[in-house]
Amino acid sequence: MTAPHTLSADAVPAVTTAAEAGLVACPHCHLLCRDAAGDDPALRDRLRCPRCDGRLHPRKVASLSRTWALLIAAAILYIPANAFPVMRTSTLLSTQNDTILSGIIYFWTSGSPELAVLIFSVSIVIPLLKLVTLSFLAVSIHRSATTGTRPRAHLFRIVETVGRWSMLDVFVVALMVGLVHFQGLAVIQAGPGAAAFGAVVVLTMLAAHSFDPRMIWDRASAGPPATKQTPTGNRHG
Amino acid sequence: MADTPPDKNASPNQGAMPEPVVDHGRRWVPSLVWLIPLLAAVIGISLVVKTIWMRGPSITISFVTADGIEPNKTKVKYKDVDIGEVKGVSLTDDHSRVLVSVELTKDAKDFAVDDSRFWVVRPRFAETGVSGLNTLLSGSYIGVDAGHSDSQRKEFTGLEDPPVVASDVPGQRYVLHTDDIGSLAAGSPVFYKRIPVGHVERYTLDEDGRRITLRIFIKAPYDHFITKDSKFWHASGVDVRIDGSGLKVDTESLATILMGGIAFEDPPETPMTPAPAGSEFALAANHIDAMKAPEGYHVAVVMRFHQSIRGLLVGAPVDFRGVEIGNVTSLGIDYDPATQDFTSRVMVNIFPDRLQSFERSLPPESDRAARLERLSQLVAHGLRAQLKTGSILTGQLYVSLDFVKNPQPVQFNPATDPIELPTVPGDLEALYDQVQQIVAKLNKIPFDAIGENARKALASLDTATKHIDDLVQHADHDVLPEIRDSLKEMQQTLASTQASVAPDAPLQQDARQALKGVMDATRSLKALTDSLEREPESLVRGRKD
Ligand SMILES: [Zn+2]
């Protein structure tokens, strides 16, 4: 994070960032080094930490492109995650395939609306919100937006925090597969939807992780260092 | 993370900062990260493609009711294997039926052909038994009978009842005709030697409403046993018969009591040539009727009996030495004005085919005159009809044809139609006649007179013996010993005669003669003794006159 925030609402206090000072902190051991790359983009990718041999970057490497790639992958898999059955319940007498949506409908109609709402929010709303929110943040970085930086930062933190809970459904399926295995009486198997669903959750989490929130402030504070390859290069000269 | 606040004050001091190491490797990760969405796309597309690929044909089945059918839950099963699922249920436009849309799996696409049959398997309590009990718990499902046609089809009309025989069961179908359906229903078993070998598939009333046509299915390999001579009969329920051979209770199996059934049999000594599928047969009411055939060719014969025909019923057998060769068809009574007498008229049908070897020896059916000539010879040889008692218990009569010994010649005119066969009195009637003759003869014996005579004779004999006693006593003293001896002998004879006469009737003729002699003798003796009393000297001197 860029700076200790002040209480003033919109105004971003004038601060000097490490990048502006020609410094770069090692993202792995947090050793502060001189940014030897300067304006040279060829050198930018080749700096290593003298202490831990980690790659030195003022911002996360290829943050936006990674975020986009993971977001697109998650969006693609979001379709099979909802269209395909996540759970296949075989009892003595019948076999039933359940998609996430059919499970929600089942709980809703069978008199457990609370559970239906919970699963709906955790399994459908949250992954979708993550996709939309991260996309929105990434787009705003692309557009070099300078307004609403603080709400965007809040939004990102919410996404990051809430994201891990969207695992709930997959977690339940995984638990059931492990527990409900009375051979001959009832067997629960995970369907292709569960894999896709898990992939969506993991991909959105990775996307959130790839996203470097400092980019939100790069534009807002002063000049724009926020391009993926050379976040600081063009300004410093 | 990149920020280290404690370093902030020292940040302008660049000289104190550690220099980063310059690596000479090449970065290519950014391009690699785009493999992830590519991979996701491949996975997603492959899933969709696989689903589309695995999706079989969609078909629509119409049923009268959607009872037990739920979208996305009700399965379509063939041999208990899921081959599809109900996706939707809707009504037809006129609301008369329900349309069930079914999505078959890809490997089940062969089921969507012209002659496939679909029905709903649900608990069923029919006369043929209870079925589908497992669906009480698991819910109904749609059963399939796979068709073999090559032409595809999308819309089907569901059966209301499960088909009796799946189409992949090897076997043959045959047609039966009957007047009475009895307790038969679709699914009723068909037995061969009490082994269930097939089923009644369905039955229809003929268009004219007179007869019922049944279609039966016989499983392989039992279909080989159906020959063109096979006889079919109702094996339904319990067959209780009281007939010439007494009380008979017959049932094919316990199951047939409840659900009816059909049995068949091949007449003995017929060639076992399997009948082609679809052959038509008659369904007889019972085993006996079935085995009476062949019905085809018969001769109507009339018989007149001069006796009561009580106990003879229509349908009673005509028997030739134990073989049933015909039936009584009608009974009546005729008045003959010439003799002022009534005769019982019995009409029978005779099936010459049932005497197979005899039938083969006959001239062909067309040559009626020659056949009747043969019959004339048989009648001349002593062929007669006779009423016989089949069962003393029930008094049932039957007509027996046989040759009688020393037949009295009769007039036989084979040209009449129907032919009239001569009759002889039945065995009971003949016995009755004999008894009557004996009684009549017995009546003629004058037992009264015999008894009177015998009494009189015995009375006079009594007197006579007394006289003789006196005489003997008298003669004891005076008369010659020879006379006394002879009188003693006579007394013994008389005593034994008396003993003989008294108890024993059959000796009466001899006794009468003996008595006559004895009376003659006593008369002479009396005369002798009288004269001896008057003139005892005459014994010495002889009689004067
Ligand atoms: Zn380091």
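1. The model is predicted.

2. A:Cys52 is one of the protein donors of the zinc ion; the donors are the SG atoms of A:Cys26, A:Cys29, A:Cys49 and A:Cys52. These atoms lie 2.1 to 2.3 Å from the ion.

3. Why is the arrangement around the zinc ion called tetrahedral? The four donor atoms subtend angles of 105 to 113 degrees, which makes it so. For comparison, the ideal angle for four tetrahedral donors is 109.5 degrees.

4. Along the chain, the donors of the zinc ion follow the spacing C-x2-C-x19-C-x2-C. Distant parts of the chain are linked by the pair A:Cys29 and A:Cys52, which are 23 residues apart. A:Cys29 belongs to the loop between strand 1 (23-25) and strand 2 (32-34) of chain A, whereas A:Cys52 belongs to the loop between strand 3 (47-48) and helix 2 (63-83) of chain A.

5. A:Cys29 is also partly exposed, with a relative accessible area of 22%.

6. A separate site deserves attention: A:Ser140, located in helix 4 (residues 113-142) of chain A. Is A:Ser140 buried or exposed? Its relative accessibility is 7%, so A:Ser140 counts as buried.

7. The side chain of A:Ser140 reaches the backbone oxygen of A:Leu137 at 2.6 Å. Leaving aside residues up to four places away in sequence, A:Ser140 touches A:Ala145 and A:Arg152.

Technical notes:
Residues numbered from 1 in each chain as written. Chains lettered and ligands numbered in written order. Predicted model: local features only at pLDDT ≥ 70, side-chain atom pairs only at ≥ 80, totals over all residues. Heavy atoms only, no water. Donors = N, O, S within 2.8 Å, 3.2 Å for Na, K, Ca; no water. Tetrahedral: all angles 85-135°; square planar, octahedral: opposite > 155°, others 65-115°. Helix = DSSP H or I, 4+ residues; strand = E, 2+ residues; numbered from the N terminus. Buried < 20%, exposed > 50% of the residue type's maximum accessible area, 1.4 Å probe, protein only. Polar contact = N/O pair within 3.5 Å; in protein donor to acceptor, adjacent residues only side chain to side chain. Contact = heavy atoms within 4.5 Å.
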